[in-house]
Amino acid sequence: MFIGIPKERKVQEYRVALTPQAVGVLVLHGHKVFVEKGAGLGSGISDSEYENAGARIVWNEKELFSKAKLIVKVKEPIAEEYPLIAENHIIFSYLHIAADKKLVQALKKSRCRAMAFETVELQDGSLPLLAPMSRIAGRLSVQVGVHFLQKSKGGKGVLLSGAAGVRNGKVTVIGGGTVGYNAVLSALGLGADVTVIDIKQDVLEYYYDKFQGRVKTLPSYPEIIEKELSESDLVVGAVLVTGAKAPKVITKKMISNMEKGSLFVDVAIDQGGCSETRRPTNHDNPIYNVNDVLHYCVTNMPSLVSETSTYSLSNAILPYVLKVADGKIDEDPSLVKGINIDNGELLINLD
Ligand SMILES: NC(=O)c1ccc[n+]([C@@H]2O[C@H](COP(=O)([O-])OP(=O)(O)OC[C@H]3O[C@@H](n4cnc5c(N)ncnc54)[C@H](O)[C@@H]3O)[C@@H](O)[C@H]2O)c1
């Protein structure tokens, strides 16, 4: 199959979907790979590394889309890319269509096959192509939290570890899945008091057993969320219902009851966000204030650490890209779940 790897266009998106090592494997399997000029530079990968792996460099994205049938990207296509998508294309990338009506319309109109990394789902319900970036975003949520809690950055001026005789910072994580777990690990490592809230009892059991009481576990009820938020310095939103719009577990009132200078990091913003106060931001302007509570709602957080993220993403997606390229999608039910839109038809539930 003819495979195309474009340069990412989203604001400060420095990742690239596949590394030269992965390209080498695809070429060995008899596929022809086109890479847009400069696609890997943001992750420290030169065009010549792709050429040495057997890829052909093309000069622009238009040429890439006209040559390739399978387009492997990191982030969803942006508006300027919509006209490039044609009926014969298979688009394989993060899509997060529940948060983007215009993208749904464009993908339907093109009649392409649009496959989302984040809805590829194993039999046990786990999400093998979302997980690597969720691990990174979870760790970053606390890293950016530490940064923006500093007084000079607009935060309340709290050190998560506290100091001798002085309280430590309090971190509340809503949604204890992959993002949540990694946020909890980072926050604990920095010495914070950590609470995790989840709707599933087995998730709470896991934290209770694993951390032997060092992490407070709570069920997901509005009054509990409201109380925890009012006492927290950093809140991480990490809920997910696969493929669907994120449930709005945080209300305006809950935010207004938080202390001034506290920080809310909505990692779930890519699925529409989990607070009534959310709106997507980007790496150029990551922060805004609601009632003096800082909001960080960047939809492509892993790009902050593009080199780590690119290699991690590429390693995870390669076996699935190979199956798509080999024409074996129907042989793998997990991969079939990745098909969001096909031939003008929406195939997943967005609510
Ligand atoms: N912003 C970014 O750059 C970025 C990067 C990676 C992942 N994400 C997003 O982060 C979100 C979380 O991803 P994940 O991989 O951790 O998902 P996951 O499926 O591993 O975990 C989600 C958790 O949310 C819980 N949950 C669902 N509804 C809930 C509710 N009403 N109250 C409390 N908990 C609830 C689930 O039980 C589950 O434990 C997704 O939207 C994902 O796309 C964003």
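Colleague: In what order do the 8 strands of the open sheet lie?

Modeller: The 8 strands form an open sheet with mixed pairing, and two strands pair if DSSP finds at least two bridges between them. The model is predicted: local features need pLDDT of at least 70, side-chain atom pairs count only at pLDDT 80 or more, and totals for chains, interfaces and linings use all residues. Residues are numbered from 1 along each chain as its sequence is written. The strand order is E3-E2-E1-E4-E5-E6-E14-E15.

Colleague: Which are the edge strands?

Modeller: An edge strand here pairs on one side only. Strands (E, at least two residues) and helices (H or I, at least four) are DSSP runs, numbered from the N terminus. The edge strands are E3 (56-58) and E15 (345-346).

Colleague: Which residue in E3 is the bridge partner of Val35?

Modeller: Strand E2 covers residues 32-36. E2 and E3 run parallel and are joined by 3 bridges. The partner of Val35 in E3 is Ile57.

Colleague: Why do the buried residues of H7 line one face of the helix?

Modeller: Helix H7 spans residues 201-211, and its buried residues (20 or more other C-beta atoms within 10 Å of their own; exposed means 12 or fewer, partly exposed in between; C-beta atoms are placed from the backbone) are Val203, Leu204 and Tyr207. Seen down the axis of H7, they line one face because the arc they fall within, taken from the directions from the helix axis to the C-beta atoms, is 100 degrees.

Colleague: Which exposed residues does the face of H7 turned away from its buried side carry?

Modeller: The buried residues of H7 pack against E8 and strand E9 (215-219). The face turned away from that buried side carries Gln201, Asp202, Glu205 and Asp209.

Colleague: How many residues does domain 2 give to the contact with domain 1?

Modeller: The domain assignment, automatic or from a database, gives domain 1 as 2-111 + 306-346 and domain 2 as 131-299. Their C-alpha centres lie 31 Å apart. Contact requires C-beta atoms, placed from the backbone, within 7 Å. Domain 1 supplies 10 residues, and domain 2 supplies 12.

Colleague: Which helix gives the most to the shell around the ligand?

Modeller: The ligand is surrounded by 37 residues, each with its C-beta atom, placed from the backbone, within 6 Å of it. Helix H5 (131-148), helix H6 (178-189) and strand E8 (193-198) each supply at least two of the shell residues. With 4 residues, the largest contributor is H5.

Notes. Contact = placed C-beta atoms within 7 Å.
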